Amino acid sequence: MELKLIDVWHSYNGVNYVLRGVNIAFSKPGVYVVIGPNGSGKTTLLKIIALMIKPTKGTVLVDGVDYWSLRDEGLKNNLKKNVVYVHDKPLVFRGSVEYNISLGIKSRNPWEWSKVVEYYMSRYDILNIRSESVFKISTGQAKIVTILRALLLGPKILLLDEPFTFLDKDRTRLLLEDIVELSKEKVIIIATHYMYRELDEVKNQVIELPLLTQ
Ligand SMILES: Nc1ncnc2c1ncn2[C@@H]1O[C@H](COP(=O)(O)OP(=O)(O)O)[C@@H](O)[C@H]1O
Ligand SMILES: [Mg+2]
């Protein structure tokens with residue numbers, strides 16, 4: 001799947017532009033890092049790439065098709081399923097840790113999902129809270145739950161918005177390892193205000209957003 005942004009501009013209020021003329025293409029698997037200070041538009045850009053926000057101006061091409069000019073909602077939904085965005089603040093659903101991580105993979109892999117989920121819960125040291133309600137766990141633990149849920153969905157393009165913010169050192173290192181491994185097959189787009197050495201070493205491209213002053 002190829003996703004391309006051509007001369008993309010975005011304004012929330014019709015006066016000030018958060019993004020001005022962004023051109024990027026994601027075709028090859030790999031790590032793409034969106035870097036910039038708070039307020040520079042990283043989240044906005046990720047949501048545009050994730051087909052969640054229609055940009056004010058410009059074109060978003062998915063496999064050569066202008067996504068926002070499509071009328072067929074079924075086709076739009078099918079394209080959208082390939083792109084998964086993980087919010088910077090963990091967004092969890094009522095239920096246990098294990099339930100939340102399993103949400104996507106269950107239908108995709110009906111035979112082996114529980115083994116895979118178990119492997120990742122053990123890897124990230126959350127087996128002991130597998131039955132806890134997600135509303136009772138720490139923000140860092142909830143963050144890992146939402147990232148694992150997305151990762152196990154197996155999207156073609158995975159977008160992680162500030163994935164490391166609430167994570168401790170050990171989980172940060174594990175996630176960096178998994179991102180590097182996964183990026184051999186998939187496009188992984190990471191918004192961060194800090195460039196980790198591990199990402200710097202493997203990145204395909206860095207997209208640097210400047211802080212705009214009106
Ligand atoms: N839903 C929204 N409505 C209005 N303004 C917004 C909205 N989301 C973000 N903004 C504004 O757009 C700018 C860029 O925000 P954002 O994309 O979240 O940047 P970053 O993720 O780099 O911190 C900020 O000035 C922010 O206040
Ligand atoms: Mg942000």
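Predicted model: local features only at pLDDT ≥ 70, side-chain atom pairs only at ≥ 80, totals over all residues.
1. Conventions. Local features need pLDDT of at least 70 and side-chain atom pairs count only at pLDDT 80 or more, while totals for chains, interfaces and linings use all residues. Residues are numbered from 1 along each chain as its sequence is written, and chains are lettered from A and ligands numbered from 1 in the order in which they are written.

2. Buried side of α5. Helix α5 spans residues 113–123, and its buried residues are Val117, Tyr120 and Met121 (buried: 20 or more other C-beta atoms within 10 Å of the residue's own; exposed: 12 or fewer; partly exposed in between; C-beta atoms placed from the backbone). Seen down the axis of α5, these residues fall within an arc of 100 degrees, so they line one face of the helix; the arc is that of the directions from the helix axis to the C-beta atoms. Helices are DSSP runs of H or I with at least four residues, strands runs of E with at least two, numbered from the N terminus.

3. Lys115, Tyr119 and Ser122 are exposed on the face turned away from the buried side. Just after α5, Asp125 has a positive phi of about 55 degrees.

4. Buried side of α7. In helix α7, the buried residues are Arg171, Leu175, Leu176 and Ile179. They fall within an arc of 140 degrees seen down the axis of α7, so they line one face of the helix.

5. Opposite face of α7. Turned away from the buried side are the exposed residues Lys169, Asp170, Glu177 and Glu181.
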